[in-house]
Amino acid sequence: MTITSPLNRMKAKERMLRIFALANDPATAAKPLSDDELEAMLDAVRELIPLRKPAQHEALERFLYAGACRFDRWFPPTPFVVPPSNAEKFSKFAAALSRAERDHPLNSPVFQLHAIKDEIFHRLDGIAHSDIPEQVLRQFREKLERVASPESSTKQAEFSQQKDEISMLLRGIGDGSLQTILTFDIPYLLHKQKLNLSFVWREIPMQIFITPRFRPLEETFFGAAEGAALSVGASRWQTGTSHVTIQMAALLDGSAYTESLQAFVDQDPTIEGWPKSFTWAFLIFSDMTWRLKADHGGHQDWIPAPRDLSALEYSIKTSERESLAFIAKGSPAALIEIFEPSDEVLAIELKALDSLPWPQECRTRASMYLELGDTNEALFWLNVSVESLVAGRFKEIEQATGETGLAEALGSPKEFWDQAEQILSKQFPDMADKVKWPSAPIHVSVFGKLKVLYRRVAMRTSLEELLRKYRDVSGERNDLFHGTRTGRVSVAAVRKAFDALAWIDENMWPQAPGAVAPSPS
C-alpha cells in the first residue's frame, strides 16, 4: 500500500487540477505524463475521491478517464506486448473512476468490463477447456452481471457490445468451441504434401495445418518441367515456403509478456519482451518440425529458429462467431534496414587473405545464432571461443613476460602438485617435503591453469574477477554439453556471456610495470 503525506496529497491534487481542469481531451492532456507519474498521482489523490466541488470533481474524472485509457489494452491502439504490471495499473484506475462515477456511471462501466476481461485472460491463459471448472466460468459471468449499465444511450451500445463479446468468450470456453488460431509463414518447406497434424501440447489439444508453396530451383540450371522439385538433404537453397496455421482448444493471451527469444549482440532491444503469441507459435512449431523430420518424412532444410517466423495473425473463434478477436503482429525478431540500392561498385583491398582467428570466428558464429534466436547454439560457440581465446592468451602472456615454457607449465603435474604441497605443508608443517607427488600427465581445468598463472605472473585484474567472468560464459555449459539440459538457454544468459567474453579478451593481460596490484573483489 502506498502511504502519501497530506502535503504530497495536496500537491498532487493541485497538479492534477492544473492539468485536467480545462482539458477537452483527457488523453491528450495526460500525454506528457509518464506511466509512473500517472500512477503516483492516482496513489496520492485516491483517498480524496470523491471531490466535493463540482469543477474539481470533473477534473478528477477526466484524470481517471485518461489513466484508464492509458492502461486499457482492449481499446486501440493495443500494445504489441502487454507489460506484466499493466493489468494492475488499469484495475486501479478503473476502480477509482467507478468510485468517482458512483451515482452517475458513464465511462467506468466499460472499463470495469475490461478489467474482468483482463482477469479472464490472465487466469485462463493457456489452459485446456477441460481443465477449467464450471464454477470459475460462473463466477466470471456473475461479475459481468454486477457491472451497472451506463446512463448514456451512446455508452450503452458500446457497453452491450463489449459485454456480449466477453460473454461469448466464456460460453465458448464452457462448450469447448473456443479456438485460438495463430497463422504465419516459414521461409522453407516442411513437407511435400499439405498436412493436417493433430496432437496434444502442454495438455492442450491442437491442430496444425501446413500448406507448401513451391518455387523454381535456383541452385542449378535445370528444373522440373512438370510438378515441383526439392533439394535432397539439407540445403540453404530454398525451393519453397510453408504457410502454417496452429489451432488450439484453449484461450491464449497473445499479447502477454514473455522473455525475448532472440537478440542482437551490439543493439538494445527495440521492444521489451515478446508477445506470447510469437513465443508459443515458435515453441509449438519447433517441437512439431523435429517430430515431423524424425518420424514422418518431413523435409527440413533449416534448424527451426525464432527468426524464421513471419508476421503473425492471431484470432479467436467460437461456435457463435468466426472471428471474435483479430490482431496482426509484425515479427519482433525482424529488424529491417531500408536503403536505396547503389549501382556503384564498392572496391575493398583485402590484402593477404587469411582465416579469421578462431576465437573471433567462433564469436561471430555465436552472434549469428543469437540473432536467429538459437540461444543454445550461440552459447556453444561462445564456449568454444573462450576456450580458444584463453589457450592462445597463455602463449601471448608467455611471450610478453619472457617466461619460456609458461603456457605448457600451467597444465603440468608439477604445478598442480606444488599447490597441493603448499596446502599440506600449511596444515601439517611436519609433512613438508615428505610426500612424493605423482609425475604422470594429468588434465588441468582452465580454472586450475588460471590459478597457477596468477601465482606466477602479476596480472592486470584479480583472479576472482577473471574467474567470475569465465563462469559467466561457462556456467550453463556442462548441463548443455552433457545433455542434462533440454530447454532453451535464456537470451539474458547469452548476452551476459558475450559481455564476459569481451571483458576477458580486453583484460586478461599481465600487469604493466610499476602498476599497483589489483585487490581481490
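Which residues of α6 are buried?

1. Basis. This is a predicted model, in which local features need pLDDT of at least 70 and side-chain atom pairs count only at pLDDT 80 or more, while totals for chains, interfaces and linings use all residues. Residues are numbered from 1 along each chain as its sequence is written, and side-chain values use heavy atoms, with hydrogens and water left out.

2. Helix α6. The buried residues are Ser 108, Pro 109, Val 110, Phe 111, Leu 113, His 114, Ile 116, Lys 117, Asp 118, Ile 120 and Phe 121. Buried means under 20% relative accessible area, exposed over 50%, and partly exposed in between (1.4 Å probe, protein chains only). These α6 residues pack against α4 (54-71), α5 (86-100), α7 (134-146), α8 (153-174) and β7 (312-317). Helices (H or I, at least four residues) and strands (E, at least two) are DSSP runs, numbered from the N terminus. Length checks out: the 16 residues of α6 (108-123) should span 22 Å at 1.5 Å a residue, and the end C-alpha atoms are 23 Å apart, which agrees. The expected span is 1.5 Å times one less than the number of residues.

3. Helix α17. Its 17 residues (491-507) should span 24 Å, and the end C-alpha atoms are 24 Å apart, in agreement. Val 491, Ala 493, Val 494, Ala 497, Phe 498, Ala 500, Leu 501, Trp 503, Ile 504 and Asn 507 are buried. Their cover includes α10 (358-372), α11 (375-401) and α15 (463-474).

4. Whole chain. There are 17 helices and 8 strands. The radius of gyration is 31 Å, whereas a compact globule of 521 residues would have one near 24 Å. That radius is taken over C-alpha atoms, and the globule rule is 2.2 Å times the number of residues to the power 0.38. The C-alpha atoms fill a box of roughly 95 × 80 × 60 Å along the principal axes. Buried residues make up 43% of the chain. Of the contacts (heavy atoms within 4.5 Å) with a separation of 6 or more, 73% join residues 24 or more positions apart.

5. Gln 179. This residue lies in strand β1 (179-186). Gln 179 is buried because its relative accessible area is 15%. Its C-alpha atom is 4.9 Å from that of Ala 249, 70 residues away along the chain. Beyond four places in sequence, Gln 179 contacts Gln 247, Met 248, Ala 249, Ala 250, Ser 315, Ile 316 and Lys 317.

6. The β3-β4 loop. Buried or exposed: which is Thr 239? Thr 239 sits between β3 (204-214) and β4 (240-248) and counts as buried, at 2% relative accessibility.

7. Most residues other than glycine have a negative phi, and most peptide bonds are trans. The bond from Ile 49 to Pro 50 is cis, with omega near 0 degrees; Pro 50 is in the loop between α3 (35-45) and α4. Pro 76 to Pro 77 is also cis, and Pro 77 is in the loop between α4 and α5. Arg 202 has a positive phi of about 50 degrees and is exposed at 52%. Lys 351 has phi near 55 degrees and is exposed at 70%.
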